[in-house]
Amino acid sequence: MAFTLSLRRPFVADHFHDLPGFQEDRHGHNWEVEAAVELASEADEPAFAKALEAWTEGVDYRLLNGLEALSKRNPTAEALAEMAFRHLQAAALRPRWVRIREKANYWALCRGDGAS
């Protein structure tokens, strides 16, 4: 029987915005990633935890603007949610959704059903 499992991981990262009409100086957040994946069995849970931890380690205490995966994108919560979603797919998992919380009242959700 398949089931959906979600996990959360905190991380700290800096970013800045330098867009036409919207500029912000470098600043940091205490972010949070939460992801849900469809698993075929409980035995698949360690692979999910390992993949989410690897993604988190790649962004933790980093300047997001300097990440290769975001080189042509503004480092927003939306871009991070998509980046994490694709990372889980590349780890041979079936993500249902990934949520990135930038601050208490701001988060973005990426879903694999085309309704992100």
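Predicted model: local features only at pLDDT ≥ 70, side-chain atom pairs only at ≥ 80, totals over all residues.
Residues are numbered from 1 along each chain as its sequence is written, and side-chain values use heavy atoms, with hydrogens and water left out.

Let me begin with His15, which sits in strand E1, residues 3–19; strands here are DSSP runs of at least two residues, helices are H or I runs of at least four, and both are numbered from the N terminus. His15 counts as buried because its relative accessibility is 0%, where buried means under 20% relative accessible area, exposed over 50%, and partly exposed in between, with a 1.4 Å probe and protein chains only. The side chains of His15 and Glu102 are joined by a polar contact of 3.4 Å, a term for a pair of N or O atoms within 3.5 Å, where within protein one must be able to donate a hydrogen and the other to accept it, and residues adjacent in sequence count only if both atoms are side-chain atoms.

Turning to Leu67, we find this residue in the loop between strand E3 (62–63) and helix H2 (77–90), and Leu67 is buried too, with a relative accessible area of 7%.

Finally, strands E4 (residues 94–103) and E5 (residues 106–111) run antiparallel and are joined by six bridges, pairing being defined as at least two bridges found by DSSP. The two strands form a hairpin with two residues between them, and Ile100 stands opposite Ala108 in E5.
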